[in-house]
Amino acid sequence: MIEVLTNPNKFFEERMKGEESLKIPVLIILISGLIGGISAFFIAGITMELLREALPPEAMGIASTIGGIAAFIVAAIASFVSWLVFTALFFGISCLFKGEGQFKRTLEFVGYGYIPTLIGGIISVIFMYYFVYYMYPTMGIPPVTDPAKLGEALEPVMKSPMMQLSYAIGILFMLWSANIWVFALKHARKLTTKNAVITVAIPMAAYILYSVWQMGLM
């Protein structure tokens, strides 16, 4: 796995000699999703805290449990959706450059490219833990009485320096993934390096713009 991070060109060149297999990529995506689920669980906890005066006391315990579990599961599922969507986009764009190769092989190689997100996800979880238990309690954000105003109450949370830093880290590690995906597409779809860069750059540009928008910088 270290070679994926340090020399992806050689790694994928060697993998092309073997049979297609999704076992390791599925495991990578699953772990990535579980790590993302922990961050989502923390955010759900803040959300329920803000809603404590808008919900009946007897419903808070159940709502908090269900909300946290649901956020965790959704984040885990979203990692697999992201994997499929990015692969489909890369596969489709590479067709414009007359790329050759099976979708399954492309799916496999793109899965390996998510390894940097495991590292970034762990760092984000650490930041999230620190924010939830040490920074958020000092922000003095009052609970909402109207659930419709939840988005407004969450705005200072999502735009706090710690959350902004978490988003920035996510972008940096996704760029690392993008570098790996260039070589993944080069071999899985038999593209030139230039065309592989273009294939990866288009979806990544959209992702970065969306992330910057989430950070409130646009």
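A polar contact here is a pair of N or O atoms within 3.5 Å; within protein, one must be able to donate a hydrogen and the other to accept it, and residues adjacent in sequence count only if both atoms are side-chain atoms.

A few friendly notes follow. This is a predicted model, where local features need pLDDT of at least 70 and side-chain atom pairs count only at pLDDT 80 or more, while totals for chains, interfaces and linings use all residues. Residues are numbered from 1 along each chain as its sequence is written, and side-chain values use heavy atoms, leaving out hydrogens and water.

1. Have a look at S94 in helix α4 (helices are DSSP runs of H or I, at least four residues, numbered from the N terminus). A polar atom of the S94 side chain lies 2.7 Å from the backbone oxygen of F91. S94 counts as buried, at 0% relative accessibility (buried is under 20% relative accessible area, exposed over 50%, partly exposed in between; 1.4 Å probe, protein chains only). Beyond neighbours within four places in sequence, S94 is in contact (heavy atoms within 4.5 Å) with residues including L185 and T199.

2. The whole structure holds five salt bridges (a side-chain nitrogen of Lys or Arg within 4 Å of a carboxyl oxygen of Asp or Glu). One of them joins E108 and R105 at 3.1 Å, N to O. These two residues are about one helical turn apart because they sit three residues from each other in helix α5 (residues 103–112). Both E108 and R105 are buried.

3. E155 also forms a salt bridge with K159, with the closest N and O atoms 3.1 Å apart. E155 is partly exposed at 40%, and K159 is partly exposed at 43%.
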